[in-house]
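Biologist: Please show me the structure, and let us go through it by question and answer.

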Amino acid sequence: MQTLTQQLGYDPTAKLLIVNCDDLGSSHAANTAIHRAMTSGIATSATLMVPCPWAQEAARMTAGLDVGVHLTLTGEYPGYRWRSLTGAASLHDADGFLPTNSPAAIARAKPADVRAECRAQIDQALAWGVDVTHLDSHMGVVQLAARLYDVYLELAVEYRLPLRMVGPRNGRLLGFKPRAKAAARGAVFTDDFFHSWGKDTRAFLTKRIAAMKPGVAEAYGHPVDDGSELRGYDLENADMRVADGRCFTDPAMKAMLVKAGITPISYRPLRDLQRGLKAEN
């Protein structure tokens, strides 16, 4: 059986890396930082938070770039909130906004409402002209919760989109075998996922890239430009987001990928594979 790298048209010894920017559309400062990371840095991909106020700008700004949908069922900032597109009661807290954390969102959400909302977010991105390349989940709500994961997988199959998948080790800890379920439905996903939230992204990537084995992996970050906008809404992780922006645009990071023999790709080839299109390198 061919490996994923072979199915994508590469040698089985190839090391392929997707570098994704999460939270596109969350703010103007995120949009500008992510655009720069994708056009002059190491980022190959981004995912759009469709319910956010700056999402339409992001869709216009990244026209022609490889962008997926960051399925959004939470709004984590205390003074900067957003609502769902569909208005379902089970998706909102007592203040009428998406819940501030994943456990609260998972506890309240009805799968039917989640399905309708996530479909609306994908459809809105498509209506804005985004050539959606893949799906992932903001704060893991539909990716990590067993009763909502089936919705996530169902939409990936329906729209013929690859999906972000937890790494093999974390997948075994979830209790519902997400990789096996996705493979059985014909969904495409990476061999590994470098989870760096809460860590120094530069140090983490340097270590993981040096140890990367043949296959396809995804790394991610949250680039945002520093300034009053970011400092006004993110009261806990602003420094990390600024550091991610600098990391993803540092020429030394690009040189490190080259030295390690890593080939940057986006989710587009995985989408083409899922849709039965011929791989082109």
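Biologist: Which residue of β6 does Asp 192 stand opposite?

Modeller: This is a predicted model, in which local features need pLDDT of at least 70 and side-chain atom pairs count only at pLDDT 80 or more, while totals for chains, interfaces and linings use all residues. Residues are numbered from 1 along each chain as its sequence is written, and side-chain values use heavy atoms, with hydrogens and water left out. Strand β5 (residues 192-194) runs parallel to β6 and is joined to it by three bridges; two strands pair if DSSP finds at least two bridges between them. The residue in β6 opposite Asp 192 is Ala 217.

Biologist: In which sense do β1 and β6 pair, parallel or antiparallel?

Modeller: Strands (E, at least two residues) and helices (H or I, at least four) are DSSP runs, numbered from the N terminus. Seven bridges link the two strands, and the sense of their pairing is parallel.

Biologist: How many residues of β6 are buried?

Modeller: Buried means under 20% relative accessible area, exposed means over 50%, and partly exposed lies in between (1.4 Å probe, protein chains only). In a regular strand the side chains alternate between the two faces of the sheet. In β6, Gly 215, Ala 217, Ala 219 and Gly 221 point one way, and Val 216, Glu 218 and Tyr 220 the other way. The strand is mostly covered, and the number of buried residues is seven of seven.

Biologist: Is His 222 buried or exposed?

Modeller: His 222 has its place in the loop between β6 and α11. Leaving aside neighbours within four places in sequence, His 222 is in contact (heavy atoms within 4.5 Å) with Asp 22, Asp 23, Trp 197, Arg 241 and Asp 244. Its relative accessible area is 8%, so His 222 is buried.

Biologist: Why is helix α12 largely enclosed by the rest of the structure?

Modeller: The buried residues of α12 include Arg 241 and Asp 244. Those buried residues pack against β1 (15-24), α2 (28-40), α10 (201-210), β6 (215-221), α11 (228-233) and α13 (251-259). Helix α12 (residues 238-248) is largely enclosed because the number of its 11 residues that are buried is eight.

Biologist: What separates the C-alpha atoms of Leu 155 and Arg 115?

Modeller: Leu 155 is found in helix α7 (residues 146-158), and at 0% relative accessibility it counts as buried. Among its contacts beyond four places in sequence are Arg 115 and Arg 160. Leu 155 and Arg 115 are 40 residues apart along the chain, and their C-alpha atoms are separated by 7.9 Å.

Biologist: What is the phi of Arg 160?

Modeller: Most residues other than glycine have a negative phi. Arg 160, found in the loop between α7 and α8 (168-174), is partly exposed at 43% relative accessible area. Its phi is positive although the residue is other than glycine, with a value near 55°.

Biologist: What is the radius of gyration of the protein chain?

Modeller: The chain has 14 helices and seven strands. The radius is taken over C-alpha atoms, and the globule rule is 2.2 Å times the number of residues to the power 0.38. For 281 residues the rule gives 19 Å, and the chain is close to this, so it is as compact as a globular protein of that length, with a radius of gyration of 18 Å.
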